[in-house]
Amino acid sequence: MGLETTGTPSGRSARCGAARTPTAIITFRGLAEQASLGRRIRVVGEVDFGTTDADWHEWQRYEAVINSAFAASPLWGLCVMSTALPEPVLTAVRRTHPQLLGAAGRAANPDYVDP
């Protein structure tokens, strides 16, 4: 997994390249521990769906709980993916992300299913 962190006037930013779920969780925990009091860390993630059905199901489980798992942490995340992905993947994305970012900006996702 590639991980790039930078300091900015408003805090730290991190960009995580495609990563398997255990690596991502460990990395995010480490970033949260490094956050200065009162500061947030922004994480932009490229989603790695894997190459097998088992990988895809692992990703779905991860996405379903990651928001709850890090809710109290100073992390702010943005998952970046193409709208040209297969419909079953996009359906899973809509179910596992409480907010979506579109042309009109960030909005509550009516398709989100709270784990």
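1. Helix packing. In this predicted model, helix 1 (residues 21-34) packs against helix 2 (residues 53-69) at an angle of about 25°, and their axes lie 10 Å apart.

2. Helix 1 contributes Thr21, Pro22, Ala24, Ile25 and Phe28, which meet Glu58, Trp59, Tyr62 and Ile66 of helix 2. By class, the contact comprises 7 nonpolar residues, 1 polar residue and 1 charged residue.

3. The buried side of helix 3. Which residues of helix 3 are buried? In helix 3 (residues 87-96) they are Val89, Leu90, Ala92, Val93 and Thr96. These residues cover an arc of only 160° around the axis, so they lie on the same side of helix 3. An α-helix has 3.6 residues a turn, so residues three or four places apart point the same way. Helix 2 is included in what covers the buried residues of helix 3.

4. Val43 belongs to strand 3, which spans residues 41-46. Is Val43 buried or exposed? Its relative accessible area is 6%, and buried means under 20%, so Val43 is buried. The C-alpha atoms of Val43 and Trp76 are separated by 6.0 Å, although the two residues are 33 residues apart along the chain.

5. The hairpin of strands 5 and 6. Strand 5 (residues 99-102) pairs with strand 6 (residues 105-108) in the antiparallel sense, over 4 bridges. The two strands form a hairpin, with 2 residues between them. Within this pairing, Gln99 stands opposite Ala108 of strand 6.

6. The chain overall. How many helices and strands does the chain contain? There are 3 helices and 6 strands. Read from the N terminus, the elements follow the order β-β-α-β-α-β-α-β-β. The chain has 115 residues, of which 28% count as buried; Val43 is one of the buried residues. Among contacts in the chain with a separation of 6 or more, 60% are accounted for by residues 24 or more positions apart.

Methods: Residues numbered from 1 in each chain as written. Predicted model: local features only at pLDDT ≥ 70, side-chain atom pairs only at ≥ 80, totals over all residues. Heavy atoms only, no water. Buried < 20%, exposed > 50% of the residue type's maximum accessible area, 1.4 Å probe, protein only. Axes fitted to C-alpha atoms, helices over the stretch in contact; angles between N-to-C directions. Contact = heavy atoms within 4.5 Å. Nonpolar A, V, L, I, M, F, W, Y, C, P; charged D, E, K, R; others polar. Pairing = 2+ DSSP bridges. Arc of directions from axis to C-beta.
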